[in-house]
Amino acid sequence: MYILEDIQIFQSQFDQKGDHARKISEDQTRKQMIDPQLEQAGWYLRDHSKVKIEIPVDGYDAEPWNGVSDYCLYRENGEVLAVVEAKRTSTDVRLAEAQLTYYVTEIEKHQSFRPFGFLANGLEIHFVDVGIAHKREVFGFFTREDLENLLYIRHKKKNTRPPRKKKKQQTPPPTTPTPHPAGKKGKREKEKKKTVGEKKKKSTTMGLIDVFMRSNQARRILFVADRDALVKQAIDDGFEKFIPNEPCTRLHSWESICAHNASTR
């Protein structure tokens with residue numbers, strides 16, 4: 001099994017070889033680069049309960065594509081969780097989005113949901129949630145647990161947006177220049193405005209987190225700060241004040257984040 005360092009070494013060799021390396025075939029790209037990337041995320045190709053390759057898509061015409069998906073990633077119940085469309089390294093993989101869209105749309109007709117999609121050429125990986133969000137480049141393939149979590153979020157989504165009310169257009173009052181504050185009074189006013197601005201930032205951040213949680217668009221939120229004082233401030237004046245009913249745990253390292261993630265799945 002390849003590991004991430006092997007892939008990075010291969011990518012650096014690819015960059016050094018230039019045009020000669022661009023002659024690498026799609027089959028070589030899959031075996032030397034995409035297969036290890038899938039296994040890095042727990043999609044072991046020998047385990048056919050998780051991964052199958054070159055699966056014909058029912059109802060799909062042979063033209064203009066061959067109607068065969070490169071990789072299918074499966075749930076435990078046998079439904080297709082995601083489809084991977086692979087291209088050679090010299091191909092802009094984003095151009096295969098229409099092909100991937102047709103595949104997942106056809107597969108959806110035979111199961112309870114539309115699968116996710118990945119576009120990959122060994123150097124780039126793009127995640128596609130067809131009909132839900134625009135494609136985006138990602139660092140690597142998602143694990144089965146990651147995709148199950150995204151599927152849960154998709155199915156449990158709630159609309160928390162209040163209905164819009166039409167407002168009458170009002171003419172803004174004329175603005176008058178404010179005199180520049182000077183001396184101690186001006187300094188106090190400046191500090192006061194800074195404090196008010198910081199409070200608004202906290203309440204806005206907590207409001208966004210609350211919306212994500214209430215609309216089921218997130219199950220866990222990672223709040224990152226670069227100083228202990230800021231973390232304590234976020235807990236005391238942010239989470240405990242604005243979202244007191246949501247559990248909040250202080251994490252000190254990436255190892256503790258991974259351990260906490262695993263324990264809350």
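## Lys31 and Asp27

Lys31 is exposed, at 53% relative accessible area. Here exposed means over 50% relative accessible area, buried means under 20%, and partly exposed lies in between (1.4 Å probe, protein chains only). Asp27 is partly exposed, at 43%.

Lys31 and Asp27 form a salt bridge, with the closest N and O atoms 3.5 Å apart. A salt bridge is a side-chain nitrogen of Lys or Arg within 4 Å of a carboxyl oxygen of Asp or Glu. Both residues sit in helix α2 (residues 26-40), four residues apart, so about one helical turn separates them. Helices (H or I, at least four residues) and strands (E, at least two) are DSSP runs, numbered from the N terminus.

## How the model is read

This is a predicted model: local features need pLDDT of at least 70, side-chain atom pairs count only at pLDDT 80 or more, and totals for chains, interfaces and linings use all residues. Residues are numbered from 1 along each chain as its sequence is written, and side-chain values use heavy atoms, leaving out hydrogens and water.

The structure holds 15 salt bridges. One of them joins Arg30 to Glu54, with the closest N and O atoms 3.7 Å apart. Arg30 lies in helix α2 and Glu54 in strand β1 (residues 51-56), so the pair ties together parts 24 residues apart in sequence. Arg30 is buried at 9%, whereas Glu54 is partly exposed at 49%.

Glu148 pairs with Arg75 in another salt bridge, at 2.9 Å between the closest N and O atoms. Glu148 belongs to helix α4 (residues 144-155) and Arg75 to the loop between β2 (68-74) and β3 (80-86), so this pair ties together parts 73 residues apart in sequence. Glu148 is partly exposed, at 23%.

Salt bridges with shared partners join Arg30, Glu54 and Asp70 into one network.
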